[in-house]
Amino acid sequence: MHDGTTGVRRRLLDVTAKKFVDEYAPSSLTLPAADDARSLAGKLDGVAIVELYFGKSGDGRAYTQARILRDELGYRGKIRATGAVVVDCIGFMRRCGIDEIVLRDESDEQFAVAALERFSVLYQAAADVREPLSRRVKR
């Protein structure tokens, strides 16, 4: 776990606004994929951003970390995905509670925004939609 100022200007995909923004990264906490997110219990007060590192595209541990942060630890700050972020997985990252994504290749920006629009109806409850569709639709 790394806690400190990254001091790097990056282009971030804000999944809520569905657009890219330039940001000078403030102090954040970085959680490597091998670390258990539960180790942060009681240590998240005042932490604005938790960065989760995707080591390779097939590694799903950061998805689990995001869900633990949101569902078990009640973390409401921003969760940022870094590392081997694959555009095809951006929608799933949002469903797990990830707010911001740092792409390795800025040429993927238009595809990344389009990936957020891929599914118009979300059936299951998750970090981004707390109620399943069956409870959200009045019959």
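First, the ground rules. Residues are numbered from 1 along each chain as its sequence is written, and side-chain values use heavy atoms, with hydrogens and water left out. Because the model is predicted, local features need pLDDT of at least 70 and side-chain atom pairs count only at pLDDT 80 or more, while totals for chains, interfaces and linings use all residues.

Now confidence. pLDDT is the predictor's confidence in each residue, from 0 to 100. The protein's mean is 80, and 81% of its residues reach 70 or more. Helices (H or I, at least four residues) and strands (E, at least two) are DSSP runs, numbered from the N terminus. Over residues 2–7, pLDDT stays under 50. The model has 14 contacts there beyond four places in sequence, a contact being heavy atoms within 4.5 Å.

On to strand 5, residues 49–54. Is strand 5 enclosed or open? Largely enclosed by the rest of the structure, because 5 of its 6 residues are buried. Buried means under 20% relative accessible area, exposed over 50%, partly exposed in between (1.4 Å probe, protein chains only).

Its partner is strand 6, residues 78–83. The two run parallel, joined by 6 bridges; strands pair if DSSP finds at least two bridges between them. Leu52, for example, bridges to Ala81.

Next, side chains. Glu51 lies in strand 5. At 5% relative accessibility, Glu51 is buried. What joins its side chain to that of Arg80? A polar contact of 3.1 Å. That term means a pair of N or O atoms within 3.5 Å; within protein, one must be able to donate a hydrogen and the other to accept it, and residues adjacent in sequence count only if both atoms are side-chain atoms.

How many aromatic pairs does the whole structure hold? A search finds 1. Phe54 and Tyr63 form it, edge-to-face, 5.2 Å centre to centre, with 80° between the planes. Rings of Phe, Tyr and Trp (its six-membered ring) pair if their centres lie within 6.5 Å; planes under 30 degrees apart are stacked, over 60 edge-to-face, the rest tilted. Phe54 is buried at 2%, and Tyr63 at 16%.
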